[in-house]
Amino acid sequence: MQFDLGIAGLGLLILISLAFGVLFQLAGKPGTTFDWAIVGIGWFIGALIASEVVGVDIGSRIVDGLSLDAVVVGGGIVGVPLALVLRLYGDRWSRHHPASI
């Protein structure tokens with residue numbers, strides 16, 4: 001276990017997670033208006049765990065303690081299945097639980 005993530009690595013991880021969430025929101029018909037945030041947070045958590053806790057390092061470039069392999073592997077393991085579940089069941093959930101303002 002190695003916690004060496006710096007500010008630049010954390011900023012890059014946040015940007016990549018936000019980009020994945022926004023691309024997910026733009027692709028297809030979102031079930032809710034917050035799908036991008038849910039998927040982006042899932043990607044962030046998966047990538048952070050893979051980079052800092054598990055230590056996934058296949059030999060790619062490391063930016064300020066952040067392994068870019070970990071971003072793809074960990075983020076993909078958590079973010080992509082979460083995105084698929086939201087696409088399949090998010091619309092049903094939002095119909096039964098309307099947002100109250």
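In what order do the elements of the protein chain run from the N terminus on? They go α-α-β-β-α, which makes 3 helices and 2 strands. Helices (H or I, at least four residues) and strands (E, at least two) are DSSP runs, numbered from the N terminus. Keep in mind that this is a predicted model: local features need pLDDT of at least 70, side-chain atom pairs count only at pLDDT 80 or more, and totals for chains, interfaces and linings use all residues. Residues are numbered from 1 along each chain as its sequence is written, and side-chain values use heavy atoms, with hydrogens and water left out.

**Burial overall**

- Of the 101 residues of the protein chain, 33% count as buried.
- Buried here means under 20% relative accessible area, exposed means over 50%, and partly exposed is in between (1.4 Å probe, protein chains only).

**Helix α1**

- G9, L13, S17, G21, F24 and Q25 are the buried residues of α1. Seen down the helix axis, they fall within an arc of 145°, so they line one face of α1. That arc is taken over the directions from the helix axis to the C-beta atoms.
- As background, an α-helix has 3.6 residues a turn, so residues three or four places apart point the same way.
- The face of α1 turned away from the buried side carries the exposed residues I7, L15, L23 and L26.
- G28 follows α1 and has a positive phi, near 80°.

**The nonpolar patch**

- L10, I14, L18, V22, L26, F34, W36 and I38 make a nonpolar surface patch of about 720 Å². Two or more residues each come from α1 (7–26) and α2 (35–54), and α1 gives the most, with 5 residues.
- Patch members need over 30% relative accessible area and no salt bridge; nonpolar side chains (Val, Leu, Ile, Met, Phe, Trp, Tyr) are joined within 5 Å, like charges within 9 Å. A salt bridge is a side-chain nitrogen of Lys or Arg within 4 Å of a carboxyl oxygen of Asp or Glu. The areas come from Shrake-Rupley with a 1.4 Å probe, and for residues only the protein chains shown count as cover.
- I14, one of the patch residues, sits in α1 and counts as partly exposed because its relative accessibility is 38%.

**Helix α2**

- E52 is in α2 and is buried, with a relative accessible area of 4%. S51, also in α2, counts as buried at 8%.
- The side chains of E52 and S51 are joined by a polar contact of 3.0 Å. Such a contact is a pair of N or O atoms within 3.5 Å; within protein, one must be able to donate a hydrogen and the other to accept it, and residues adjacent in sequence count only if both atoms are side-chain atoms.
- S51 and A70 are 19 residues apart along the chain, yet their C-alpha atoms are separated by 4.9 Å.

**The β1–β2 loop**

- D64 lies in the loop between β1 (62–63) and β2 (66–67), and counts as partly exposed at 36% relative accessibility.
- The phi of D64 is near 50°, a positive value in a residue other than glycine. Most residues other than glycine have a negative phi.
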